[in-house]
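This briefing covers a predicted model.

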Amino acid sequence: NPLGVILLFFQGGGWYMPDAFYDYCDDHGLLVWQETMFACAPYPRGTAFLENVKEEVEQQVRRISYHPSVFLWGGNNEVEASFDWYKATQTNQPLYTSDYNALFIDTIGGIMKDVSESLVAH
(Lines give C-alpha, C1' and ligand atoms only; values in the text may rest on other atoms or scores of the structure.)
Protein backbone atom coordinates (compact mmCIF):
# COMPACT_ATOMS: atom_id res chain seq x y z
CA ASN A 1 0.00 0.00 0.00
CA PRO A 2 1.18 3.57 -0.58
CA LEU A 3 1.54 4.36 3.14
CA GLY A 4 3.91 1.50 3.93
CA VAL A 5 1.86 0.44 6.97
CA ILE A 6 -0.79 -2.19 7.60
CA LEU A 7 -2.45 -0.98 10.80
CA LEU A 8 -3.92 2.37 11.78
CA PHE A 9 -5.06 3.00 15.36
CA PHE A 10 -7.75 5.60 16.03
CA GLN A 11 -7.87 6.20 19.72
CA GLY A 12 -10.79 7.45 21.73
CA GLY A 13 -10.87 11.15 22.37
CA GLY A 14 -10.60 12.09 18.72
CA TRP A 15 -13.34 11.75 16.16
CA TYR A 16 -14.84 9.13 13.91
CA MET A 17 -13.39 9.34 10.43
CA PRO A 18 -15.60 9.91 7.38
CA ASP A 19 -16.72 7.00 5.21
CA ALA A 20 -14.15 7.89 2.54
CA PHE A 21 -11.36 7.08 4.98
CA TYR A 22 -12.68 3.55 5.62
CA ASP A 23 -13.28 3.07 1.88
CA TYR A 24 -9.63 4.00 1.26
CA CYS A 25 -8.46 1.54 3.91
CA ASP A 26 -10.64 -1.20 2.40
CA ASP A 27 -9.24 -0.54 -1.07
CA HIS A 28 -5.59 -0.40 0.05
CA GLY A 29 -5.41 -3.33 2.45
CA LEU A 30 -5.09 -1.26 5.63
CA LEU A 31 -6.42 -2.51 8.96
CA VAL A 32 -8.13 -0.16 11.40
CA TRP A 33 -8.26 -0.50 15.17
CA GLN A 34 -11.18 1.78 16.01
CA GLU A 35 -12.10 3.01 19.47
CA THR A 36 -15.19 4.80 20.69
CA MET A 37 -14.57 8.43 21.57
CA PHE A 38 -13.81 8.20 25.27
CA ALA A 39 -10.37 8.88 26.69
CA CYS A 40 -8.33 9.61 29.79
CA ALA A 41 -11.09 10.66 32.18
CA PRO A 42 -13.95 9.31 34.26
CA TYR A 43 -17.41 9.55 32.71
CA PRO A 44 -20.83 9.81 34.36
CA ARG A 45 -23.47 7.11 34.32
CA GLY A 46 -26.58 9.26 34.36
CA THR A 47 -29.51 8.05 32.29
CA ALA A 48 -29.44 10.93 29.79
CA PHE A 49 -25.70 10.54 29.22
CA LEU A 50 -25.92 6.77 28.75
CA GLU A 51 -28.83 7.17 26.31
CA ASN A 52 -26.74 9.63 24.29
CA VAL A 53 -23.83 7.18 24.32
CA LYS A 54 -26.10 4.34 23.17
CA GLU A 55 -27.29 6.38 20.20
CA GLU A 56 -23.78 7.54 19.22
CA VAL A 57 -22.11 4.15 19.52
CA GLU A 58 -24.87 2.25 17.75
CA GLN A 59 -24.85 4.73 14.85
CA GLN A 60 -21.08 4.59 14.48
CA VAL A 61 -20.77 0.83 14.85
CA ARG A 62 -23.49 0.28 12.23
CA ARG A 63 -21.89 2.86 9.92
CA ILE A 64 -18.32 1.64 10.20
CA SER A 65 -18.34 -2.07 11.04
CA TYR A 66 -19.25 -3.37 7.59
CA HIS A 67 -15.85 -2.19 6.34
CA PRO A 68 -13.46 -5.16 6.14
CA SER A 69 -10.62 -2.87 7.22
CA VAL A 70 -12.14 -2.41 10.70
CA PHE A 71 -10.83 -5.48 12.48
CA LEU A 72 -11.05 -4.38 16.12
CA TRP A 73 -13.18 -2.08 18.24
CA GLY A 74 -12.02 -0.70 21.58
CA GLY A 75 -14.32 0.92 24.09
CA ASN A 76 -11.97 3.67 25.28
CA ASN A 77 -8.42 4.92 25.51
CA GLU A 78 -6.73 4.88 28.93
CA VAL A 79 -9.85 5.44 31.02
CA GLU A 80 -8.81 2.71 33.45
CA ALA A 81 -5.35 4.27 33.80
CA SER A 82 -6.90 7.67 34.50
CA PHE A 83 -8.28 6.38 37.79
CA ASP A 84 -4.78 6.88 39.20
CA TRP A 85 -4.44 10.42 37.82
CA TYR A 86 -7.22 12.29 39.65
CA LYS A 87 -7.75 12.79 43.36
CA ALA A 88 -11.52 12.17 43.06
CA THR A 89 -11.02 8.80 41.39
CA GLN A 90 -8.22 7.83 43.75
CA THR A 91 -10.36 8.49 46.82
CA ASN A 92 -13.62 6.99 45.56
CA GLN A 93 -12.66 4.01 43.41
CA PRO A 94 -15.91 2.06 44.07
CA LEU A 95 -18.04 4.89 42.60
CA TYR A 96 -15.87 5.37 39.54
CA THR A 97 -15.53 1.64 38.99
CA SER A 98 -19.32 1.38 39.05
CA ASP A 99 -19.60 4.29 36.58
CA TYR A 100 -16.98 2.64 34.36
CA ASN A 101 -18.84 -0.68 34.36
CA ALA A 102 -22.17 1.00 33.57
CA LEU A 103 -20.69 2.85 30.61
CA PHE A 104 -18.09 0.54 29.11
CA ILE A 105 -19.17 -2.96 30.10
CA ASP A 106 -22.96 -2.71 30.20
CA THR A 107 -23.74 0.07 27.72
CA ILE A 108 -20.98 0.06 25.09
CA GLY A 109 -20.18 -3.65 25.50
CA GLY A 110 -23.87 -4.50 25.17
CA ILE A 111 -24.23 -2.40 22.03
CA MET A 112 -21.11 -3.92 20.47
CA LYS A 113 -22.43 -7.41 21.13
CA ASP A 114 -25.96 -6.71 19.88
CA VAL A 115 -24.96 -4.76 16.78
CA SER A 116 -22.15 -7.08 15.76
CA GLU A 117 -24.42 -10.12 16.12
CA SER A 118 -27.04 -8.42 13.93
CA LEU A 119 -24.40 -7.54 11.31
CA VAL A 120 -23.13 -11.13 11.17
CA ALA A 121 -26.67 -12.52 10.95
CA HIS A 122 -27.42 -10.46 7.83
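One aromatic cluster is formed by F38, Y43, F49, F83, Y100 and F104. Across the whole structure, a search finds 10 aromatic pairs. In one of them, the ring centres of F38 and Y43 lie 5.0 Å apart with the planes at 90 degrees; planes over 60 degrees apart count as edge-to-face, so this pair is edge-to-face.

- F38 has a relative accessible area of 4%, which is under the 20% limit, so F38 is buried.
- F38 also forms an edge-to-face pair with F49, at 6.5 Å centre to centre and with 80 degrees between the planes.
- This pair links distant parts of the chain, 11 residues apart: F38 is in the loop between β2 and α2 (47–64), and F49 is in helix α2.
- F49 counts as partly exposed, with a relative accessibility of 24%.

**Sheet**
- Three strands make up an open sheet with parallel pairing, in the order β1-β2-β3.
- β1 (7–10) and β3 (70–74) are the edge strands; each has a single partner strand, so one side of each has no neighbour in the sheet.
- From one strand to the next, the twist averages 15 degrees.
- Strand β2 (residues 31–35) runs parallel to β3, and four bridges join the two.
- W33 has L72 in β3 as its bridge partner.

**Helix on the sheet**
- Helix α1 (residues 19–27) packs on the sheet and touches β1, β2 and β3.
- The direction of α1 makes about 145 degrees with that of β2.

How values were computed
Residues numbered from 1 in each chain as written. Predicted model: local features only at pLDDT ≥ 70, side-chain atom pairs only at ≥ 80, totals over all residues. Heavy atoms only, no water. Pairing = 2+ DSSP bridges. Axes fitted to C-alpha atoms, helices over the stretch in contact; angles between N-to-C directions. Contact = heavy atoms within 4.5 Å. Phe/Tyr/Trp six-rings, centres within 6.5 Å; stacked < 30°, edge-to-face > 60°. Buried < 20%, exposed > 50% of the residue type's maximum accessible area, 1.4 Å probe, protein only.
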